[in-house]
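This report is meant for someone meeting the structure for the first time.

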Amino acid sequence: MVFLFGCRPEKTVDYNVDVKPILNKRCISCHGGVKQSGGFSLLTREQALASTETGLPAIRVGKAHTSEMIKRLKSDDPEWRMPLDGDPLPPEEIEILEKWIDEGLEWELHWSYRPVEKITPPEDEVLLGVLGNSRDSVPVSPLDQFVIRKLNQMGISSLSPEADRHILVRRASLDLIGMPAPGGLAEKYLNGSSPQEDYEGLIDSLLSLPSYGEKWASMWLDIARYADSKGFERDPHRNIWEYRDWVIRAFNQDMPYDQFITEQIAGDLLPQPTEDQLIATAFHRNTSTNDEGGTDNEEFRNYAVMDRVNTTWEGIMGTTFACVQCHSHPYDPFMHEEYYEFLAFFNNTRDADTSPDYPLLRHFRGEDSTKLEQWIDWAGTKVSEQEVDELEAFIKTWSPSWYSIETDSFFQSDLYDTKYLGLRQDGGCRLPNVELEGNNLMYFRYRTSLEDGRWNLHSAKTNQLVASVILPSTNGKWSIMSIPLSGTFRGSHDLIFSYHNPNLVDPDQAGVMFDWFHFGDERDLWKENPERESDFMDLLGRSVSTTPIMVENPPEMRRTTRIFDRGNWLVQTEKVEPAVPDIFPNLDDTTNADRLDLAHWLVNEQNPLTARTLVNRIWAQVFGRGIVETVEDLGSQSPDPSHPELLDWLAWELMNTYEWHLKPFLKMILMSSTYRQQSITNDILLEKDPYNIYLTRGPRVRLSAEQLRDQALTLSGLINTEMYGPSVMPYQPIGWNIPYSNEQWKTSSNGQQYRRAVYTYWKRSAPYPAMMIFDAAAREVCEARRIQTNTPLHALVTLNDPVYFEAASHLAIQMWQEGDNLDTRINTGYQRALGVPVTNDKASALADLYFESLASFDRGESDPVELLTYLDDDNEELAAMVVVANAIMNMDEFVTKN
């Protein structure tokens, strides 16, 4: 036995646990993805074994004592020793690296980059007797088993006792619908007699409410960087609220997350996409665009495409990838060229930083929709199904079209304000590389205030006249017109525009402005059916509401994707094709891969990141902290997971047991004993788990900006539960106006100012102040995690902001009307706010505040009329009650989820 014990193999070095932290901390800043000093990099095994500038490798596998890397680490010469100009590595760290090299230089993927595998929860037998008598009536779920095992390892014998019912109903309501539960639903739970069944009924009821989708949409809108404006200096309005409503509906319908992602990434590439699937693609049209005059449109198109790459990685896969646009990843095995291979998936969308946000989905509703359907039915009897789809797509999106900003070689012409092509007298320009083969008709959108202007188009290749037309006046309004092409053309051509108008006197004036150009082959169809052409042009020109969407370039418009040298779009090098990083499973189809292939790859069960990222984000929403704290980064620089096996178990369950459905998945979490713990702590728990990382007690976190607003409006009775539609402008102390336009903040009326926070107008350059103070996302870029702060500004908002003060005023009316003395009125307000009777000490403090307020009125120190601004009353006692209600709505337990 002694012999066997002595021969037991020594523990081998674990790359991720033992080696990678040393490399990241000590070595990789000089020998990683950003810098490869001396030609040596430790980012991947292949690079570590490659020859350095000396012509020899720095590491010899199995021979640490002769490896140059180890020699440098041990050297006494400060000009030779590594890390250069840094403290030497401790001997124990060098010993780990030596052992690693001698054992074969095993190079493992970080845990987050390995596929999710099925994990068996801890055995029940291990947990017998752990919970104690206080929890005998509450079943222990598999989720609880992971948590309890960790607690046992920490020397904690059990979960905390279950919270009281009034705590649970408020906690679950805030987590599922973002505001207090409707009165009847709460009362049914509070008055029930069967704890488990009553609680399950509460969860089911909350999940079925339409307010569920509004609450959870807020989380996703941060990721989608949703806003009602375009960003940058000009920051004009963007009409994209249909996307926000799509997100709310998707959550309420419990759309599976894999479908949710697929439709947002590539809904337009699905077979015969529905209007909702097209709206979903606005996810990646939330990018900022720059309408300022003098900007380079191609620069900001590239900015938008890069933003889509970065958002996809941070928001959907929880990985920092943005830095790879300039160099290989500093810490994780992502190569510089892989960024642009991934970018190639998004580089062939039709958008091009145009002022109208093309391409736009044009919404045909009511009679317009009926007329469109009738026209489509007719077209189906005349042309093929593919041609019908193309014509319908053109009516609905004006795509694919060449935009005026794609013209160049200007003479006596210009892109006015870098937006629209304007041709002056005898002016012209070039529209390059237009495919004319198979086309016999051109549609274009233009405006002019002059008659008799002749516009000619010639082919630069053949000098042949392509088209010529006298442009009728549109009285300065945009109009769509079609003209036949004058001949038969093969291949692509550079089109040369020229313009002359005898009525144009001012040489500096543009006689005509153009927006876009589209080429088709319907001339013969229209000759046979001129009345149907009229209907077609009428539909094409209808003034309808729009939403920016994704549309893929047709083959003749495809862009070539190249690597940007150090991220500089002006210095492009090797050509690349769409692909995913090598460390991940490959695409199902690597030939001519597009965004739909990418979408399927994102939600493939073999993708290691998507499910982990989602369950970690949901965990953070519910418990206030992710299993991995950095929800935006699960890479090698992220903190270790608090419960690594639980994270993978949740991810596997989401994909397989729940088939990506979030409602039953959320129910499973909220039904757990872990979630239902009371949030009260003690000295032992504070010592062992001060930040509740290991869930020794229930969550206790400050409410989000949206929850705070919605809670105040609900309790006051002011809330307007109307759903969907354009964003609204509630009260804010200081409005804004835009110097480039007449846009202003105009407080909504007729109850619209009391709608839920998710419908608040979001302007990127001036986001709603009251929510920003409570750490809402600015939404200029994807924000996967909100960082909570705690400053005196919070109290200044909840005490003084018109929204909160008006809510307090209306709560005071309810307290006044429902009670016949001060004690009952105070208890009424407190119980409405927190669902539980007020304690004696708090009732006494609130009564003192009431009497002190009355005294301050008598002394002339404050004016009761100002406190009754929203009540149109002059009752001093009611004014004092407003002060009390305002205090109740500023108590710690009111702004906190306990």
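## Loops, helices and their contacts

P83 is placed in the loop that runs between α4 (68–74) and α5, where helices (H or I, at least four residues) and strands (E, at least two) are DSSP runs numbered from the N terminus. The peptide bond leading from M82 into P83 is cis, with omega near 0°. A cis bond, with omega near 0°, also joins S399 to P400, and P400 sits in the loop between α17 (385–397) and β2 (402–403).

The model is a predicted one, in which local features need pLDDT of at least 70 and side-chain atom pairs count only at pLDDT 80 or more, while totals for chains, interfaces and linings use all residues. Residues are numbered from 1 along each chain as its sequence is written, and side-chain values use heavy atoms, with hydrogens and water left out.

### Positive phi angles

L105, a residue other than glycine, has a positive phi near 55°, and its place is the loop between α5 and α6 (142–153). L105 is buried, with a relative accessible area of 0%; buried means under 20% relative accessible area, exposed means over 50%, and partly exposed lies in between (1.4 Å probe, protein chains only). Q412 is not a glycine either, yet it takes a positive phi of about 50°. Q412 belongs to strand β3 (residues 408–416) and is partly exposed, with a relative accessible area of 38%.

### Pairs of packed helices

Two packed helices are described by the angle between their axes and the distance between the axes. Here the axes are lines fitted to C-alpha atoms, for helices over the stretch in contact, and angles run from 0 to 180 degrees between N-to-C directions.

| Helix pair | Angle between axes | Distance between axes |
|---|---|---|
| α21 (residues 610–623) and α22 (residues 644–656) | about 110° | 9 Å |
| α2 (residues 15–27) and α5 (residues 91–102) | roughly 120° | within 10 Å |
| α28 (residues 802–818) and α29 (residues 822–834) | roughly 135° | within 8 Å |

The contact is made by A611, R612, L614, V615, N616 and W619 of α21 together with L646, L647, D648, L650, A651, L654 and M655 of α22, contact meaning heavy atoms within 4.5 Å. By class, the residues of this contact of α21 with α22 divide into ten nonpolar, one polar and two charged; Ala, Val, Leu, Ile, Met, Phe, Trp, Tyr, Cys and Pro count as nonpolar, Asp, Glu, Lys and Arg as charged, and the others, Gly among them, as polar.

The axes of α2 and α5 cross at roughly 120°, which makes α2 oblique to α5. Their contact is formed by Y15, D18, V19, I22, L23 and R26 of α2 and by E93, I96, L97 and W100 of α5, and the residues divide into seven nonpolar, no polar and three charged.

For α28 and α29, whose axes cross at roughly 135°, the two helices are likewise oblique to each other. The residues in contact are L811, Q814, M815, W816 and E818 of α28 and R825, I826, T828, G829 and R832 of α29, and by class this contact has four nonpolar, three polar and three charged residues.

### V580 in its loop

V580 lies in the loop between β13 (572–576) and α20 (595–602) and is buried, with a relative accessible area of 5%. Leaving aside neighbours within four places in sequence, V580 is in contact with F342, F345, P585, N586, L587, L598 and W601.

How values were computed. Parallel < 35°, antiparallel > 145°, perpendicular 65-115°, else oblique.
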